[in-house]
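Have a look at it first, then read on.

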Amino acid sequence: MSQTLQPQDRIFVTGHRGLVGSHVVSRLHAAGLGNVLSASREQLDLRDGRAVESWFAEAKPDYVIHTAGKVGGIGANIAEPVDFCYDNLLIQATVLRAAWQSNVKKLLYLASSCVYPRDCPQPMREEFLLTGPLETTNEGYALAKIAGLKSCQYYRRQYGCNFIAALPTNLYGPGDKFDPQSSHVIPSLILKFHQARLAGEQEVSIWGSGTPRREFLHVADLADACSFLLENYDDEEPINVGTGTDVSIAELAAIIRDIVYPEAQLVFDSTKPDGTPRKLLDVTHMQRLGWKPQHELKAGIAETYAWYLQHGNTSKNG
């Protein structure tokens, strides 16, 4: 049933300095919800169960939007599968446990579209979860996220907690992490083209064949969806959050080239892994609830590049 958040409600946003968390905080403030709680990594290690329990007992949040986690692109996931699995398992386990113990009214857990099987039918509907093997290049991260969304269901069934889970698609936007080793595909490509332009290089190498298709959601749209779901969604089943449209990596690279460095030539390195062939979410459920994204991809990428030119890699994603 729908519920309206009140200005006095205490809303804890984990990972408030990360890409998603920072936009969620801004969205809540814009809606007149100023009683937003946060804790930096220096103040609270979310992997420390006792510390998290103590923080919740003292802060007494009414609502939790759990955005914190260890995130990264395909290269980082391949290089650090243990870290991606271990950190995310701990971070979500401690927060969910403390939220139950402190009787929060509602918790929104953000998983990821990578929890779907590698060869999932397209577009991916929520009922396709756990119907096949995962993509191996980010399996550790995906397994941790699956454990988190299933934990939300278990807390509902065993303790009656109003814990819900959302499955956002690939994200991008101002405040993203621009690092050649750990960034997601859009900031990674923006950085590649920007550096090639500065160096006067004529060719830009793109990982893989360019044929995989991906869906991209502006992070401000996800922040809006988080606020919407907190007020309008109470079901046990996870819900997809995306645009319902996708582009090939080759098409994406061409869009970014035209914005950042139109003179560059694209070269695809087929020795590098492609990852999942396609990841397109079925967003019928969100549309029926009355929500849809507002940002168009080309304009969103141009905005993201403009942010990078002004700020550089100042994001403290996590």
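**Helix α1 against helix α7**

In helix α1, Leu 19, Val 20, His 23, Val 24, Arg 27 and Leu 28 meet Val 219, Ala 220, Leu 222, Ala 223, Asp 224, Cys 226 and Ser 227 of α7, where contact means heavy atoms within 4.5 Å. Keep in mind that this is a predicted model, in which local features need pLDDT of at least 70, side-chain atom pairs count only at pLDDT 80 or more, and totals for chains, interfaces and linings use all residues. Residues are numbered from 1 along each chain as its sequence is written, and side-chain values use heavy atoms, with hydrogens and water left out.

- The residues in this α1–α7 contact split into 9 nonpolar, 2 polar and 2 charged (Ala, Val, Leu, Ile, Met, Phe, Trp, Tyr, Cys and Pro count as nonpolar, Asp, Glu, Lys and Arg as charged, and the others, Gly among them, as polar).
- The axes of α1 (residues 19-30) and α7 (residues 219-232) come within 8 Å and cross at roughly 60°; axes are lines fitted to C-alpha atoms, for helices over the stretch in contact, with angles running from 0 to 180 degrees between N-to-C directions.
- That angle makes α1 oblique to α7 (under 35 degrees counts as roughly parallel, over 145 as roughly antiparallel, 65 to 115 as roughly perpendicular, and the rest as oblique).
- Helices here are DSSP runs of H or I with at least four residues, and strands are runs of E with at least two, numbered from the N terminus.

**Helix α6 against helix α10**

- The axes of α6 (residues 185-199) and α10 (residues 297-311) come within 11 Å and cross at roughly 60°, so this pair is oblique too.
- On the α6 side, Ile 186, Ile 190, Leu 191, His 194 and Arg 197 make the contact, with Leu 297, Ile 301, Thr 304, Tyr 305, Tyr 308 and Leu 309 on the α10 side.
- Sorted by type, the α6–α10 contact has 8 nonpolar, 2 polar and 1 charged.

**The sheet**

- An open sheet is built from 6 strands in the order β2-β1-β3-β4-β5-β10, with parallel pairing (two strands pair if DSSP finds at least two bridges between them).
- β2 (36-37) and β10 (239-241) sit at the edges with a single partner strand each, so one side of each has no neighbour in the sheet.
- β5 (residues 163-168) pairs with β10 in the parallel sense over 3 bridges, and Leu 167 stands opposite Asn 240 in β10.
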